[in-house]
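Please find below some notes on the model under review. They are set out as numbered points, to be read alongside the structure.

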Amino acid sequence: MPAITLTINNELFSARKEQTILEIAREHGVDIPTLCHFEGLEAMGGCRLCLVELQGSPRPVPACITKAAEGMVVTTHSDKLIEYRKMLVELLLAERTHTCSICVQNNNCELQALAAKLGIDHVRFDYLHQQLPMDASRERFALDHNRCVLCLRCVRVCDAVEGAHTWDVRGRGSTSRVVADLDRPWGSSTSCTDCGKCVQLCPTGALYKKGATVGEMKKERSFLNRILERRRLAAQGRSL
Amino acid sequence: MSGDCCKHTELADDPRLKLVERAMKRLQYQPDALIEVLHTAQEAFGYLSRELLGHVAAQLKLPESQVFGVATFYHFFTLRPKGEHSCIVCTGTACYVKGAGEILGRLEQAAGIKAGQTTADGKLSLGTARCLGNCSLAPMLTVDDVVYGPETPDSAVEKLHGLLEVPHEQG
């Protein structure tokens, strides 16, 4: 693959032609904050936290989906970019109801860590306090829309890795919600395989494992029915 | 699939479904024909029920959530049956300046629903439109596709009451 040379924060780096600015920056220890990005999933440039400045470009571009080119001059941290990032995280905090103190994900939350790292100690926008519903109908997992940042990691991993495509997004703009199947309660979803990949990739406490304490003592025995059912079907198929 | 069929008996017996089936067949059940199929489905049924969306998803071999996402993304598609009567208030610039906001507010109050909703008894759907191209009648509205204007909040509410009191057949 052809090699190219580009400048990131006044330092020259060589890279492969197909690499994104984000990949190159991370390879060389330049820290660009991200939220929707997840290594291994298709990048979508949704959260805009990885915006960087390109010399000669009138507006900043998302580093996660912008391919590097020969002679590019990239700035990853400027006063303007830092201000934009703060504003973006503040808008995320204001849109849903992120109350860390009562959240299952407290101290293990990417949004919280991001806010702390950017030095966000207050939010300049009014909170919407939407009082969105929760969906705890699935046996092992639950979804709290109030903590969702619409990063769509769950949608992407469910589609591309698990192949179930249980999740997608309903509506548009600020009324968007993650939905299972035809906006059914997650517990009655017929496509969900219960694999938990979405829960593992969720950056906040929107998707979480139920029963952090006593509930975890519950035995998982549904496998038996699944296996017997499959055998029964296989036997049926043979007898046909 | 056999399990799905049992759930869909009511839908399967519906003659309107034939139109949708024909459209899907014509488009060779291609997943990327989804929007066109949804157009046909809405034209045939007036709205897109969950059952119908589920059927389309199964036929086009698309995830249900994706079909639902598309159906809710576009304002053209509606997931609820439309009311027997419709009242659309123009909120385009000219009508808005002339007081469409107040008219809409009064109509919402009178009907007990918000714009974009249908009354619980299915009698009336209240909607808004961005300019119906009749700015000289501002502020204007349409009742069952008949254009009226210029309106006042009082005259608009009066029309609404008239509409809901007169049985559909005679009206």
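1. In this predicted model, chain B contains an open sheet of four strands, arranged in the order β2-β1-β3-β4 with mixed pairing. The edge positions belong to β2 (124-129) and β4 (146-148) of chain B; each has a single partner strand, so one side of each is left without a neighbour in the sheet. On average, and with direction ignored, neighbouring strands of this sheet are turned by 25 degrees against each other.

2. Within the sheet, strand β1 (residues 85-90) of chain B and β2(B) run parallel and are joined by six bridges. B:Ile88 is found opposite B:Gly127, the latter in β2(B).

3. Helix α8 (residues 100-111) of chain B lies across β1, β2 and β3 (141-143) of chain B, and runs at about 155 degrees to β1(B). Helix α9 (residues 153-165) of chain B also packs on the sheet, where it touches β1, β2, β3 and β4 of chain B. The direction of α9(B) makes about 10 degrees with that of β3(B).

4. Helix α4 (residues 34-45) of chain B packs against helix α6 (residues 64-73) of chain B at an angle of about 65 degrees, and the axes are 11 Å apart. The two helices, α4(B) and α6(B), are therefore roughly perpendicular to each other, and α4(B) passes α6(B) in a right-handed crossing. On the α4(B) side the contact is made by B:Leu34, B:Ile35 and B:Leu38, and on the α6(B) side by B:Val67, B:Val70 and B:Ala71. By class, the residues of this contact comprise six nonpolar, no polar and no charged.

5. Turning to chain A, the chain is divided into domain 1 (3-77) and domain 2 (85-217). The C-alpha centres of these two domains of chain A lie 27 Å apart. Domain 1 of chain A gives 11 residues to the contact, and domain 2 of chain A gives 15 residues. The side of domain 1 of chain A that touches domain 2 of chain A has eight nonpolar, one polar and two charged residues.

6. Which elements of chain A give two or more residues to the side that touches chain B? In total, 14 residues of chain A are in contact with 11 residues of chain B. The elements in question are β8 (167-170) and β9 (177-180) of chain A, and β8(A) supplies the largest share, four residues. The side of chain A that touches chain B has five nonpolar, four polar and five charged residues.

Technical notes
Residues are numbered from 1 along each chain as its sequence is written. Chains are lettered from A and ligands numbered from 1 in the order in which they are written. This is a predicted model: local features need pLDDT of at least 70, side-chain atom pairs count only at pLDDT 80 or more; totals for chains, interfaces and linings use all residues. Axes are lines fitted to C-alpha atoms, for helices over the stretch in contact, and angles run from 0 to 180 degrees between N-to-C directions. Angles under 35 degrees count as roughly parallel, over 145 as roughly antiparallel, 65 to 115 as roughly perpendicular and the rest as oblique. A crossing is left-handed if the near helix is turned anticlockwise from the far one by less than a right angle, and right-handed if clockwise. Two residues are in contact if their C-beta atoms, placed from the backbone, lie within 7 Å. Ala, Val, Leu, Ile, Met, Phe, Trp, Tyr, Cys and Pro count as nonpolar, Asp, Glu, Lys and Arg as charged, and the others, Gly among them, as polar. Domain bounds come from an automatic or database domain assignment. Two strands pair if DSSP finds at least two bridges between them.
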